[in-house]
Amino acid sequence: MQNKDLNHEGTETLTRAQKCRDKILRVFVSPWFVRISLWLAPILFLLFFFFQPLARIITLVFDSSAFTQKNFEVIRSVAGFTFYQAILSTVLTFALGLPSAILFSRFNFHGKSLLRALTAVPFMLPTVVVASSFNALFGNHGLFSFFIPHPSPFILILTAHIFYNTTIVIRIVGNALSRLDPKLEAAARSLGADSFHVWKNITLPLLRPSLLAAALLVFMFDFTSFGVILLLGGSNFSTLEVEIYLRVLKLPNLPLAALLSIIQLIFTLIFSILYTRTINQVTTQTAPRFSLANKPKNIKEKIFVAMLCILLSAFFLLPLLSLPIRSLTRLEADRGQRGEVQYGFTTDYYKELFINRRGSLFYVPPIQAAFNSLGYASVTVFLSLALGYPAAYALAKPTRLEKFLDPLIMLPLGSSAVMLGLGFIISFGRSLASPWFVPIAHTLVALPFVIRTLQPALASIPERLRQAASTLGASPFRVWQTVDFPILSRATLSAATFAFTVSLGEFGATLLLTRPEYPTIPIAIQRFLSQPGGLNFGQAMAMATLLMLLTTLAILAIEKLRLSDSGEF
């Protein structure tokens with residue numbers, strides 16, 4: 001009898017343990033637990049490396065020394081110039097971009113795809129390369145410096161902004177033009193409307209959301225411009241970004257730098273929200289593409305196409321070609337050089353990259369700077385994919401949780417790289433001696449792009465294929481191997497290449513965080529440009545040429561791997 005009682009108690013204990021284990025298993029496999037686990041790593045990363053530094057910046061703003069009359073005068077001056085140059089750059093970009101959008105959407109001509117790709121290259125190039133290319137062309141030591149008057153730095157800044165932002169107008173407005181129903185225009189012309197009235201009453205109202213979206217995006221890039229303004233204009237042309245950098249390193253005033261960062265963040269978020277709402281209107285109005293492009297028919301159309309093709313080719317080719325040409329051309333004597341100077345073709349600038357003539361303790365061979373950049377980029381790719389994949393999986397089938405967390409994880413897009421660097425300096429202080437903080441900052445910049453690249457691919461995987469594979473006895477790993485991976489491989493490579501390219505050319509945060517003995521290629525270029533003499537300038541051109549080649553290869557890889565139905569911006 002006692003044995004039966006013991007067996008009964010043992011059975012009850014075993015049953016309770018089994019029920020407890022089943023409850024625990026149900027918790028771990030429940031949808032809400034799976035979703036929380038997917039978000040855990042990305043959110044913790046952002047909390048520690050973005051929101052904590054942001055909170056420290058906000059705390060520093062409330063320092064009494066931030067709100068002084070002198071600081072307000074600086075803010076008013078800097079903010080006024082930031083808006084002025086951004087508005088002027090946007091207007092000038094549209095002056096070139098709008099005719100170019102009409103060219104690519106309405107006309108067919110030889111070399112159209114090549115010219116369109118050429119206009120897109122500057123947008124993906126690091127700002128250091130863009131600034132270096134205009135220095136190589138029009139700078140004090142540029143190819144044209146001996147033939148034409150040296151343009152003012154402000155003109156160079158505006159021209160550089162047009163150079164890398166024109167493709168935004170071409171893509172957004174051009175795509176909208178190609179989706180307009182030609183029957184609307186034909187109906188208006190049949191009622192007697194001329195070209196001007198067709199454009200005013202039919203085309204322009206339909207294009208208004210696209211025009212506004214393109215204008216907002218161009219304005220945001222000009223508003224947050226840093227590398228181009230710093231390298232072409234220096235501290236004489238202080239935007240919010242440049243002034244933050246100066247108040248951190250050159251003229252230390254951290255409360256003012258924090259206040260400037262918050263002001264810029266607020267404006268950038270406002271513009272980002274406006275852009276998101278506007279681009280959603282563009283998306284809802286899109287229709288299947290119509291074949292509106294034809295060969296130019298009359299003499300006016302032929303002149304328009306020919307002149308614009310020549311203008312675009314010259315405008316985009318000259319700066320890009322000027323870098324390798326100037327890096328192989330000696331136009332003046334080196335600083336302190338005596339004796340006969342061999343002008344013309346030379347490879348000395350590339351050779352001198354590996355010679356420490358001044359015996360500087362902080363000299364780092366360019367090959368070491370390249371290895372530093374490649375190392376940072378590799379770590380950035382690993383972190384971006386490790387954090388981006390779980391978030392993209394969750395966002396592929398969004399719930400209320402994803403709708404709440406999506407804007408938070410995209411928030412680093414609304415902050416400048418210089419602000420990230422400032423936040424790291426305030427939050428981590430002496431710990432910044434570790435070189436790991438540079439790829440962490442790069443990951444914050446690249447992560448939103450990686451998530452947006454992976455999310456459409458994950459959402460496109462048909463659930464029925466997974467179910468069919470499971471029904472046939474495939475394990476979860478086998479399902480991923482045979483169903484998910486073939487679909488995700490291209491998107492993964494594209495996202496990885498994108499993160500690699502972003503890290504390779506990142507300049508703002510790196511300038512604040514990098515240690516002197518661990519420079520990246522953009523930092524090495526900035527060092528050469530900041531020193532006088534033809535030799536230093538030639539070495540900067542050589543380094544910029546190498547960075548341009550590496551970035552171009554990455555751009556070609558992204559374009560080849562990019563999903564055909566992915567968005568332009």
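Biologist: What makes the nonpolar surface patch in this structure?

Modeller: Five residues make it: F354, I355, I367, F371 and L374, with an area of about 460 Å². Keep in mind that this is a predicted model.

Biologist: Why is I367 called partly exposed?

Modeller: Its relative accessible area is 43%. Partly exposed covers what lies between the buried limit, under 20%, and the exposed limit, over 50%, so I367 with its 43% is partly exposed. You'll find I367 in helix α14, residues 366–396.

Biologist: And L231, why is that one called buried?

Modeller: L231 has a relative accessible area of 15%. Buried means under 20%, so L231 counts as buried. L231 sits in helix α9, residues 227–233.

Biologist: Which residues is L231 in contact with, leaving aside neighbours within four places in sequence?

Modeller: V128, A131, N135, F507, Q526 and L529. Also, L231 and V130 are 101 residues apart in sequence, yet their C-alpha atoms are 9.8 Å apart in space.

Biologist: How do you know that the length of helix α6 agrees with its number of residues?

Modeller: Helix α6 runs over residues 153–178, which is 26 residues, and at 1.5 Å a residue they should span 38 Å. The end C-alpha atoms are 37 Å apart, so the two values agree. There is a kink in α6 too, of about 40°, centred on Y164.

Biologist: Why do R247 and E243 count as a salt bridge?

Modeller: Their side chains meet at 2.8 Å, N to O. The cut-off is 4 Å, so the R247 and E243 pair qualifies. These two are four residues apart in helix α10, residues 240–250, which means about one helical turn separates them. Both R247 and E243 are buried.

Biologist: How many salt bridges does the structure hold?

Modeller: Two. In the other pair, the side chains of D348 and R330 meet at 2.5 Å, N to O. That pair links distant parts of the chain, with D348 in helix α13 and R330 in strand β1, 18 residues apart.

Biologist: Are D348 and R330 buried or partly exposed?

Modeller: D348 has 29% relative accessibility, so it counts as partly exposed. R330 has 7%, under the 20% limit, so R330 counts as buried.

How values were computed:
Residues numbered from 1 in each chain as written. Predicted model: local features only at pLDDT ≥ 70, side-chain atom pairs only at ≥ 80, totals over all residues. Heavy atoms only, no water. Patch = residues over 30% accessible without salt bridge, like charges linked within 9 Å, V, L, I, M, F, W, Y side chains within 5 Å. Areas by Shrake-Rupley, 256 points an atom, 1.4 Å probe, with all protein chains shown as cover. Buried < 20%, exposed > 50% of the residue type's maximum accessible area, 1.4 Å probe, protein only. Expected span 1.5 Å × (residues − 1). Bend = angle between axes of the 7 residues up to and from the residue. Contact = heavy atoms within 4.5 Å.
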